[in-house]
Amino acid sequence: MAQNSFDNFFKPSDSLNKKRQNAVFVTEAVLASGALVGLNQMWYADYPKSNFHFINDNTQWMQMDKLGHLYSSYHIGRLGADALNWSGASKKNQLIYGASLGFVFLTAVEFMDGHSAEWGASMGDVFANATGTALYVSQELVWSEQRITPKFSFHTTQYANYRPDLLGNSLSEQILKDYNGQTYWFSVNLYSFAKKSKIPKWFNIALGYGAEGMLGENDTKNNLILATKKENYRQFYLSLDLDLTKINSKSHFLKTVFSVLNTVKIPAPALEYSPQRGLKFHALYF
């Protein structure tokens, strides 16, 4: 009985449950506030403040940061919509108040950027945030399901050793800051495009993008490039993946776990291409 009660807690309500809905709104407000406070301590506290201003950073980090914004906006919004679905909210309210959560949260982050002398608000970031939200909402409106899912993978690199202040000292910092080790993927569920086929429902093909050799926001002005003889270059990937949300399970708890884990691409063989270095095969890439 206790196990059934535990699993039923994760089962979406068939109709609007106001207690659940209020719990969702309160939890989101607490988590968002905590995240902004923590982000302020990690990113902004050690730098001087300034009047609100914009910068054009669209050429920096070979656009890896923009994909990070798209990815974050998409998944925060997706989880927000899932949470409202759990409370029994209507599909319309899920898309209006849930899916927009990522854009609203990241707009607050952009506001903090705009008041930092070290950075500045970026219209490129705002556009990337809006694109992430639009990717989720448009798929729900057109297909009533998510057929293309942004995902993330990370591996440590040598570049953090050159700039630990900028690219991170610890593993947790490097995951957030070292764009050289990040890869952003668009994982495509093949069965959803061919539902009469015998393709497994969970089987995905993933298209990835990464970049390496970056030691600063603008490497053309960074003398470390000359000192270390590093060159920055783009990487494009083709790999296999799983859509964990398509795995059949009667457990609502497992479905929730799968939904959260579906933000990360599984390690798998991958084919890499870069214009400077040609084709490269990875037996296992993450």
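F281 is exposed, with a relative accessible area of 58%; exposed means over 50%, buried under 20% and partly exposed in between, with a 1.4 Å probe and protein chains only. This is a predicted model: local features need pLDDT of at least 70, side-chain atom pairs count only at pLDDT 80 or more, and totals for chains, interfaces and linings use all residues. Residues are numbered from 1 along each chain as its sequence is written, and side-chain values use heavy atoms, without hydrogens or water.

F281 lies in strand 8. Strands (E, at least two residues) and helices (H or I, at least four) are DSSP runs numbered from the N terminus. Strand 8 (278-285) is an edge strand, as is strand 3 (148-154); each pairs on one side only. Pairing requires at least two DSSP bridges between two strands. Strand 7 (residues 268-274) is joined to strand 8 by 6 bridges, and the two run antiparallel. E272 has K280 of strand 8 as its bridge partner.

Now the whole sheet. It is open, has 6 strands in the order 3-4-5-6-7-8, and pairs antiparallel. From one strand to the next, the twist averages 25 degrees. Helix 3 (residues 64-86) packs on the sheet and touches strand 3, strand 4 (182-189) and strand 5 (203-212). Contact means heavy atoms within 4.5 Å. The direction of helix 3 makes about 125 degrees with that of strand 3. Axes are lines fitted to C-alpha atoms, for helices over the stretch in contact; angles run from 0 to 180 degrees between N-to-C directions.
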